[in-house]
Amino acid sequence: MFFEEKCLALPTNLMEKPFGLMLEALDDLKPHEIYLKHGFIARNALWGELMSIRARKLGSGGAVLNGYVRDTKAILALGFPAFSWGSYGQDSAPRYKVVDYRVPVRLAACAFGRETFVRGH
């Protein structure tokens with residue numbers, strides 16, 4: 001129910017974008033930040049080679065995904081740290097859309113918000 005309510009409140013043009021706000025979220029990465037994707041869709045991979053190339057160019061420290069990656073051999077060849085459930089060949093569009101980013105996330109008993117992004121050195 002919560003997801004449906006949130007989707008109903010989204011701007012119409014967001015639903016027309018194949019990946020939602022995924023490209024904006026990726027482009028907003030700062031040096032040493034980790035891309036954290038906590039949603040999970042079993043029908044597709046949440047991360048791939050092109051995202052790894054872009055994230056590395058922006059100085060990202062890696063990606064942590066509650067789901068699968070694709071292009072595993074290429075990501076390994078890049079040396080980009082991407083932690084996932086494993087490899088799956090199906091890409092994201094049109095199977096899911098990023099609807100928001102830089103929002104608080106709760107992991108177990110710890111809460112992480114805008115002020116608690118972890119940066120590596």
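1. Is Lys30 buried, exposed or partly exposed? Lys30 is partly exposed, with a relative accessible area of 33%, where buried means under 20% relative accessible area, exposed means over 50%, and partly exposed covers what lies in between (1.4 Å probe, protein chains only).

2. On the basis of the model: this is a predicted model, in which local features need pLDDT of at least 70 and side-chain atom pairs count only at pLDDT 80 or more, whereas totals for chains, interfaces and linings use all residues. Residues are numbered from 1 along each chain as its sequence is written, and side-chain values use heavy atoms, with hydrogens and water left out.

3. On the salt bridges: a search of the whole structure finds five of them, a salt bridge being a side-chain nitrogen of Lys or Arg within 4 Å of a carboxyl oxygen of Asp or Glu. One of them joins the side chains of Asp28 and Lys30, at 3.0 Å from N to O, and Asp28 is partly exposed, with a relative accessible area of 22%.

4. Arg102 forms a salt bridge with Glu33, and the closest N and O atoms are 2.7 Å apart. This pair links distant parts of the chain, since Arg102 lies in the loop between E5 and strand E6 (105–107) and Glu33 in the loop between H3 and E1, 69 residues apart; helices (H or I, at least four residues) and strands (E, at least two) are DSSP runs, numbered from the N terminus. Glu33 is buried, with a relative accessible area of 4%, whereas Arg102 is partly exposed, with a relative accessible area of 22%. Salt bridges that share partners join Asp28, Lys30, Glu33 and Arg102 into one network.

5. Arg54 forms a salt bridge with Asp27, with the closest N and O atoms 2.8 Å apart.

6. On helix H4 (residues 49–57): its buried residues are Met51, Ser52 and Ala55. Seen down the axis of H4, these buried residues fall within an arc of 100 degrees, so they line one face of the helix; the arc is that of the directions from the helix axis to the C-beta atoms. The face of H4 turned away from its buried side carries the exposed residues Leu50 and Lys57.

7. On the sheet: an open sheet of three strands has the order E1-E3-E5, with parallel pairing, and two strands pair if DSSP finds at least two bridges between them. The edge strands, each of which pairs on one side only, are strand E1 (34–37) and strand E5 (82–83). E1 and strand E3 (residues 62–65) pair in the parallel sense over four bridges, with Ile34 standing opposite Gly62 in E3. E3 and E5 also pair in the parallel sense, over two bridges, and there Ala63 stands opposite Ala82 in E5.

8. Ile34, Leu36, Val64 and Phe83 form a nonpolar patch on the surface, with about 350 Å² of accessible area together. Patches are made of residues with over 30% relative accessible area and no salt bridge, like charges being joined within 9 Å and nonpolar side chains (Val, Leu, Ile, Met, Phe, Trp, Tyr) within 5 Å; accessible areas come from the Shrake-Rupley method with a 1.4 Å probe, and for residues only the protein chains shown count as cover.

9. On the aromatic residues: a search of the whole structure finds four aromatic pairs. Among them, Trp47 and Phe80 form a stacked pair, at 5.9 Å centre to centre and with 10 degrees between the planes. Rings of Phe, Tyr and Trp (its six-membered ring) pair if their centres lie within 6.5 Å, and planes under 30 degrees apart count as stacked, over 60 as edge-to-face and the rest as tilted. Both Trp47 and Phe80 are buried, and Tyr35, Trp47 and Phe80 form one aromatic cluster.
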